[in-house]
Amino acid sequence: MSKPIILTGIRSNGELTLGNYLGAMLPLARLQARHAGEYQVNMFVPDLHSFTTPIDHEDLYANTIRNLKMFIASGLNTTQKDTFIYRQSFIPAHAELTWILDCFVYFGELSRMTQFKEKSENQETVSVGLFNYPVLMAADILLYGAKYVPVGEDQRQHLELVRDLAIRMNHQFSENLFIVPEAWDEQLKFAGLNKGVRIRSLKNPDKKMSKSISDPAGTILLSDDPDEAAKKVMSATTDSIGQINYDFTTQPGISNILQIISLLSERSLDEVLAKWQGSTSYGDLKQEAAGLVRDFLIDFQNKVSQIEESLIDEKLLRDEAAMRQVAEAKLLEVQQMVGLRRK
Ligand code: TYM
């Protein structure tokens with residue numbers, strides 16, 4: 001029996017943020033460490049997803065390699081057997097399956113995706129790629145039969161769509177066609193979380209910390225100078241309530257800082273709250289978070305600088321060859337089911 005699969009991906013459209021790290025990279029590295037030997041781990045760069053919104057194409061290729069270095073620096077052990085790294089565009093089955101899935105997903109379903117609505121708002125033109133984004137994501141997951149997909153809260157709706165689509169196709173063609181990824185609550189349980197991770201902008205804590213947001217003071221980039229990043233934390237927007245509570249509705253800025261402390265220090269939120277709940281010293285709270293962010297970045301950037309690119313190139317070559325076979329076998333099965341190939 002092949003092992004169940006944990007799979008996630010991070011686009012390479014620009015700099016990675018602390019949100020990417022805490023929402024996807026760290027959870028994957030922790031799951032890998034916890035389940036070594038039991039699960040297969042797929043960490044890939046969805047490079048075709050990277051220009052659903054405009055980017056500088058001159059930088060794309062180098063960004064992809066840099067991201068892979070960052071995955072490794074985040075603790076992903078690529079020497080472990082059953083851990084694969086690859087680039088989406090190097091495995092053509094992703095794009096081919098997307099077309100087939102496109103014909104079974106509804107226009108109304110994609111129109112309801114919050115991320116599409118947010119990203120297309122106030123844009124003069126909106127690409128079909130942005131609209132179709134979740135279907136390519138479905139192909140990324142279903143080709144390999146991933147059971148667990150550690151992603152941040154912003155991807156929950158997309159994951160639910162992937163499940164709906166897999167169930168629909170299985171119902172129409174064969175119950176064994178696709179492995180349906182676990183439901184969101186099961187995903188959280190598996191990752192040891194009470195709720196999805198959504199790191200907010202330090203300046204606009206009602207918004208997600210995002211690489212595309214034009215909000216440098218609110219965004220910690222993984223390449224930021226550690227002292228500058230600490231300063232950003234110290235000048236984070238809070239509130240005038242004057243007492244520390246964990247409540248994203250009334251105190252999003254403070255709650256965001258509490259969440260960052262908990263995730264970076266590997267302490268449960270309850271432990272962090274036991275120390276800070278009710279305290280009136282926002283400055284001391286920020287000081288603790290700033291120190292953690294600074295120390296994390298020093299260590300992380302040091303690790304990135306030690307990773308040799310040639311090792312990544314060799315691993316990509318091997319893993320992309322292996323994953324191409326897996327993906328092509330699943331694509332053929334789908335092609336047979338929809339009548340494109342002889343059964
Ligand atoms: P991307 O590159 O936008 O985000 C990559 C991952 O980072 C998480 N993330 C956050 N988590 C918490 N707080 C934040 N502020 C924050 N910002 C980003 C995202 O939730 C995501 O987990 N669609 C995916 C890429 C993808 C993918 C896939 C993932 C394509 N195909 C298949 C899993 C499986 C995305 O959001 O990329």
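**Exercise 1. In which loop is Asn122 found, and is Asn122 buried or exposed?**

*Solution.* The model under study is predicted.

Step 1. Asn122 belongs to the loop between helix 5 (114-120) and helix 6.

Step 2. The relative accessible area of Asn122 is 77%. Exposed residues are those over 50%, so Asn122 is exposed.

Step 3. Asn122 is not a glycine, yet its phi is positive, at about 60°. Most residues other than glycine have a negative phi.

**Exercise 2. Locate Asp82 and determine whether Asp82 is buried or exposed**.

*Solution.* 

Step 1. The loop that holds Asp82 runs between helix 2 (57-73) and strand 3 (83-87).

Step 2. The phi of Asp82 is positive, about 70°, although Asp82 is not a glycine.

Step 3. For Asp82 the relative accessible area is 18%. The limit for a buried residue is under 20%; therefore Asp82 is buried.

**Exercise 3. Assign Asn302 to an element, classify its accessibility and describe its position relative to Ala73**.

*Solution.* 

Step 1. Asn302 lies in helix 12, which spans residues 282-306.

Step 2. Its relative accessibility is 40%. Buried means under 20% and exposed means over 50%, with partly exposed in between, so Asn302 counts as partly exposed.

Step 3. In sequence, 229 residues separate Asn302 and Ala73, while their C-alpha atoms are 8.6 Å apart in space.

**Exercise 4. Describe the surroundings of the ligand, beginning with the residues of its shell**.

*Solution.* 

Step 1. The ligand is surrounded by 27 residues, and the closest are Arg11, Tyr133, Asp140, Gly152 and Asp154.

Step 2. By class, the shell around the ligand comprises 13 nonpolar, eight polar and six charged residues.

Step 3. An N or O atom in the side chain of Asp154 is 2.4 Å from an oxygen atom of the ligand. For Asp140, a polar side-chain atom lies 2.6 Å from a nitrogen atom of the ligand. For Asn20, a polar side-chain atom lies 3.0 Å from a ligand oxygen atom.

Step 4. On its own the ligand has 700 Å² of accessible area, of which the protein covers 99%.

Step 5. The space that the ligand takes is the largest cavity. Strand 1 (5-9), helix 1 (18-34) and helix 6 (128-142) are the elements that give two or more residues to the shell around the ligand.

Note on methods. Residues are numbered from 1 along each chain as its sequence is written. This is a predicted model: local features need pLDDT of at least 70, side-chain atom pairs count only at pLDDT 80 or more; totals for chains, interfaces and linings use all residues. Side-chain values use heavy atoms; hydrogens and water are left out. A residue is near a molecule or strand if one of its heavy atoms lies within 4 Å of it. A polar contact is a pair of N or O atoms within 3.5 Å; within protein, one must be able to donate a hydrogen and the other to accept it, and residues adjacent in sequence count only if both atoms are side-chain atoms. Accessible areas come from the Shrake-Rupley method with a 1.4 Å probe; for residues, only the protein chains shown count as cover. On a 1 Å grid over the protein atoms alone, a cavity is a set of points where a 1.4 Å probe fits but cannot get out, and a pocket is an open set with protein on both sides within 12 Å along at least five of seven lines; lining residues have an atom within 4 Å of a point. A molecule sits in a cavity or pocket if more than half of its atoms lie within 2 Å of its grid points. Helices (H or I, at least four residues) and strands (E, at least two) are DSSP runs, numbered from the N terminus. Ala, Val, Leu, Ile, Met, Phe, Trp, Tyr, Cys and Pro count as nonpolar, Asp, Glu, Lys and Arg as charged, and the others, Gly among them, as polar. Buried means under 20% relative accessible area, exposed over 50%, partly exposed in between (1.4 Å probe, protein chains only).
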